[in-house]
Amino acid sequence: MNHLTRRPRRNRKSDVIRNLVQENHLTLHDLIFPIFVTEGQNVQQAIPSMPGISRFSLDRLVDEVGECVELGIKAFAPFPNISEDKKDRFAQESKNPDGLFLKTISELKRQFPGIVLATDVAMDPYSTDGHDGIVDNGEIINDASLEVLGQMALAQAQAGADIVAPSDMMDGRVAHIRQLLDKHAFYNVAIMSYTAKYASGFYGPFRDALESAPKHGDKKTYQMNPANSREALIEAELDTLEGADYLMVKPALSYLDVIKSLRDNSNLPIAAYNVSGEYAMVKAAAQNGWLDGEKIMLETLLSMKRAGADIILTYFAKEFAQYVKR
């Protein structure tokens, strides 16, 4: 038998040794939990395509966030489910201080001042068109949309948001939002830019949750082509120059190469959005007994850390917190 001088298995021989040499670690501090708020009182609506995830009225959402805080989750990304009668072409409801979303931000920060809220800046939840920008004759108008997005971000900052997260993919929106926030002395409100948001098929369950699917057309003129990776570096460079504090890749699991590319080329914190379709696939397979859902949850989240993500937005956050507490 040949004498082997290198035996990598020596570093795998026990739990203690494996833990000593583990390269990447996943903790609750890495996670942001996306949550859904809807109108009404005492409402909890299960989302069939996202097992374990619900839309909550604000009173019930307070209870849900309270449970999560007890489990150790401290960062949340709320999204609103707005009734159709409050939607219009220009997303005016997004600036209504008495509207659902701004009231949600204010109330959650009042009840839980120690949490961090990363709030979504995009027109689609409030738009009759279901698009992330203003639609004119079938075209998404970039520069006019910036005005709406800027006012939306400002209203969220005024309500108490810690981080505003433009998910619209309009050109120049990070600079516009940063200038407007600074003009109103919100210097400490950070921007988590959806830097590389792809025109993906993995968003279906999320659009079910918000009832915000486009009424016509698709989002390919502003979201990125799934075939492209170098283009993400262009977006990252622009977002950095415009004042982004975090860069995000969405989706995560099919775009680990893009996460790594941004990690290798940027010193900013990198976020990955483990999106609804990725979550739904694991849940569906687990419910059918085809996969061990808990093991796959841990493996997929660790893959995002291994690729270079500092932060992961994931619907698994509460389940992971319960796993850690065991």
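Hi everyone, this is a quick walk through three annotated residues, Lys197, Lys250 and Glu235.

The model is predicted, so to speak plainly about its limits: local features need pLDDT of at least 70, side-chain atom pairs count only at pLDDT 80 or more, and totals for chains, interfaces and linings use all residues. Residues are numbered from 1 along each chain as its sequence is written, and side-chain values use heavy atoms, with hydrogens and water left out.

Let's start with the lysines. An unreviewed UniProt entry gives Lys197 and Lys250 the annotation "active site". They are spread over 54 residues of sequence, yet they cluster in space, with a largest C-alpha distance of 4.8 Å. Please keep in mind that such annotations may be inferred rather than shown by experiment.

Lys197 sits in strand β9, residues 190-197 (strands are DSSP runs of E, at least two residues, and helices are runs of H or I, at least four, numbered from the N terminus). Is Lys197 buried or exposed? Lys197 counts as buried because its relative accessibility is 5% (buried means under 20% relative accessible area, exposed over 50%, partly exposed in between, with a 1.4 Å probe and protein chains only). Its side chain reaches the backbone oxygen of Ser167 at 2.9 Å.

Lys250 is in strand β10, residues 246-250, and is buried too, at 6%. Beyond four places in sequence, its contacts (heavy atoms within 4.5 Å) include Lys197, Tyr203 and Tyr273.

Finally, Glu235: the unreviewed UniProt entry marks a "binding site" there. Glu235 belongs to helix α7, residues 230-242, and is buried at 14%. Leaving out residues up to four places away, Glu235 touches Met169, Thr195 and Met224. Lys197 is also in contact with Met169 and Met224.

Methods. Polar contact = N/O pair within 3.5 Å; in protein donor to acceptor, adjacent residues only side chain to side chain.
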